[in-house]
Amino acid sequence: MVVEDTPWSRQPRGVEAVVDAWLDQGRIRPCLALEKLLPASSGSYAPIPSALDESLVQTLHARGLKQLYSHQALAIDAALSGRHVVVATPTSSGKSLCFHLPVLDAIAKDPTKSALYLYPTKALSRDQEHNLGQFVSDAGLNIGAMVFDGDTRGDARRAVREKARIVLTNPDMLHSGILPNHGKWASLWQSLQYVVIDELHTYRGVFGSHMAHVLTRLQRIAAFHGSHPTFICATATIGNPKQHAARLIGCDEQDVTLVDRSGAPTSSRQFFLYNPPVIDEALQLRASALKHAVSLAADLIEARVPTIVFGQSRNSVEVMLKYLRDRCGSVAGPEAIMAYRGGYLPETRRNIERGLREGEILCVVATNALELGIDIGDLDAAVCVGYPGSVASLWQRFGRAGRRGGKNIALMVCSSHALDQFLARDPEYLLEAGAEEARIDPSNPEVLIQHLKCAAFEAPFAITAPGQRPASPESAEGESYAGLDVETTRDALEYLASEGLVHERAGRYYWAGEAYPASHVSLRNIGWDNFVIIDEGTGKSLAELDWRATHTMLHEQAIYQHDAEQYQVERLDYDNHKAYVRKVAPDYFTTALTYRDVEVIEEFDQGPLGGAKCGFGEVKVVEKVTGYKKIKYFTHENAGYGDVHLPEMQMHTTSFWLTLPEPLVESFGLPRASVIEGLRGAGLALETVASLALMCEPRDINRTLGDGYDSPPFAAAASAASDEQRGSGRLPGRNASQRGGNEPTLFLFDAIAGGVGLAKRIYQRAPELVARAEELIHSCNCRGGCPACIGPYDPGAGGGIPKALACRILRACR
């Protein structure tokens, strides 16, 4: 074959070429907050456990594995001895063998044994089905390992139930498909030896709280059928792997063996923290992180470096895909640059996964959907556009490159978000800070009562009859649920009985409701079915979106972006969950404008905070998409607005609030609007330090200002690819018409229904967090305010310097 001599073919290729060009030419050096080479490390090894079945040992030898990494051997030994295990080692450290080998050993020695594998996504279970099936085949074993999920065909479902000794599924299918129909799965439950939970770190917040109950129900049904499985968990590095595994499983920490010292070797990694240049000195606004990331990713593509680019939202992923194809598509080919995100149809996702594994795709632009351990082949560079919210998540994303050895590039491009700018000022934080803790709250009443219904549907509860109430909870006899004592469990069941959902007979509580309870409980805090997107030109389904995303991306006249093409939403059939779109070629995309209102329902506690007041309680959060903005491609200029008419979204959760009494407002000697703007800036700083202090993700905490106005005096600059939001709030005893008379109040609330205790911890640590917020603002080098502290400010708006006022407000709260 004759290779055409072009500038493209003559360009230096590979990781070293890109690194040298970036540093030698000086194009990016002025914007580097940190550039560091993380050296390679050697591995630590141990003999293959002698207790493993000989067929497995021979298969390992045939694959060139005469020994295992030390952490693999430790985990396998613990699992073979019947102890629960959690393996917490970095990406690409061979965690899969830690659970594959004990599972296959048990079934090879006793073909009646079974195992259940749980993955957070369908894509992961399909990926592991292939890898596990290949190992089984190489070992010459007759073990059925099959996926059972929403994409499993009807005729294949019976085969999985009857023939599979290893079932791979996800929490949603276990919750709504397997547990409620456990009688059909008797052969699985009766001999269940192992339960494998991969990507344990993803089960946090509301999803993790639900997952803890699903696992409680799993163990309850397994015991009903006579088995008591051992749990093997695998997780990326988190701050509390042993505690988190124990809380999810529902056991004592001493019953879990922690394996967290990796024996796997690591390749060298060139780490860059890139902060786009300032384009407005007065406002300290920086150039678009998205456009700079595209430019740097294009350098990698042109040097033929297999690359993954992580975006923060579906919209930003599609915008970057369009820009990269426009710049590099003519030389790399449009099919070599793809996007991967939620909403794509299953067949599309699998084709992209296959293309990555086989090296057909040079660059993939993805949301966090590819953050997990799907095999995506040989990648040499990972670009993260914006801080993903946690140190653990950032390094998980970087770990997607360099999985086959050799030097790789890890590049984070900072946005103007406060956390990103904090990291740009203190970049060593990313290298020195420990991974965040994973937090769940299974005692959340809203979550608990939902799963108690499901558990009662699956099998009756045997508890002391109401007329035979014991003298103390400890003396009650019968079954308890999810950490509750027997008496509290009985009280909860009595509550369900009062609602007509269960009935008691001879000390046993039976399900009496007509509904199928699991079908009304969403594990991922999405309470409605997906909306199907239909292309009017072809009549075919293009994609699907969840209920919440539909409000911001599928309202009428929205530009829905799909595979670098644009479709205008012509009609949204809200009742039937269908959106009809038409392919167009606009020079703009759309981003939604949303409004949020917070109302206190019940005050749990309150007290003074210096000259201010603070409280903690239950709130109702109402969100509504009110309009949309048109954003020009490439320039990101505002091209106009439009109205949106959709129903509002409601949620009950817990919140912390900080209120400035009127005398305090007047004491600042400034117009009320200026004080409110100062409180807004103080709130941004408080949210930033709270996210760091509680080691949670920023998306776990939401912020709204109850200021007596329908909109802020001026809006902070927003990313061109994200939604803008404004809001209000009101305290107990105020109705909507009284909002204008409210005392200025800042709300920091849990972003999930029912809450997971974050707002309560903010309330308990309020004095400390207020002091840290003031220090954050005071230490910032900007003059009057910037995205790194209180957000950008308008120097011509009057009312003094918001940065100084925010510090005064926080000082008054101490």
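User: At what angle do helix H22 (residues 672-693) and helix H24 (residues 766-779) pack?

Analyst: The angle is about 115°, and the two axes lie 8 Å apart. An axis here is a line fitted to C-alpha atoms, for helices over the stretch in contact, and angles run from 0 to 180 degrees between N-to-C directions. Please keep in mind that this is a predicted model, in which local features need pLDDT of at least 70 and side-chain atom pairs count only at pLDDT 80 or more, while totals for chains, interfaces and linings use all residues. Residues are numbered from 1 along each chain as its sequence is written, and side-chain values use heavy atoms, with hydrogens and water left out.

User: Which residues of H22 and H24 make the contact?

Analyst: From H22, Ala 682, Ala 685 and Leu 686 are among them, and H24 brings residues including Leu 769, Val 770 and Arg 772. Contact means heavy atoms within 4.5 Å.

User: Why is Val 756 called buried?

Analyst: Buried means under 20% relative accessible area, exposed means over 50%, and partly exposed is in between (1.4 Å probe, protein chains only). Val 756 has a relative accessible area of 9%, so it is buried. Val 756 is found in the loop between strand E33 (745-750) and helix H23 (758-764). Leaving aside its neighbours within four places in sequence, Val 756 is in contact with residues including Gly 205, Val 206 and Asp 441. Val 756 and Arg 439 are 317 residues apart in sequence, yet 7.8 Å apart in space, C-alpha to C-alpha.

User: What makes strand E18 (residues 408-413) largely enclosed by the rest of the structure?

Analyst: Six of its six residues are buried, so E18 is largely enclosed. Both faces are covered: Asn 408, Ala 410 and Met 412 on one side, and Ile 409, Leu 411 and Val 413 on the other. Helix H16 (residues 418-425) is mostly covered too, with seven of its eight residues buried. Across the 814 residues of the protein, 57% count as buried.

User: How do you know which strands pair with E18, and in what sense they run?

Analyst: Two strands pair if DSSP finds at least two bridges between them. Strand E11 (residues 269-274) is joined to E18 by six bridges and runs parallel to it. Leu 273 has Met 412 of E18 as its bridge partner. Strand E17 (residues 381-385) also runs parallel to E18, with five bridges, and Ala 382 stands opposite Ala 410 in E18. Helices (H or I, at least four residues) and strands (E, at least two) are DSSP runs, numbered from the N terminus.

User: What order do the strands E19, E20 and E21 take in their open sheet?

Analyst: The order is E19-E21-E20, with antiparallel pairing. Strand E19 (461-462) and strand E20 (502-505) stand at the edges because each has a single partner strand, which leaves one side of each without a neighbour in the sheet. E19 and strand E21 (residues 508-511) pair over two bridges, and Ala 462 has Arg 508 of E21 as its bridge partner.
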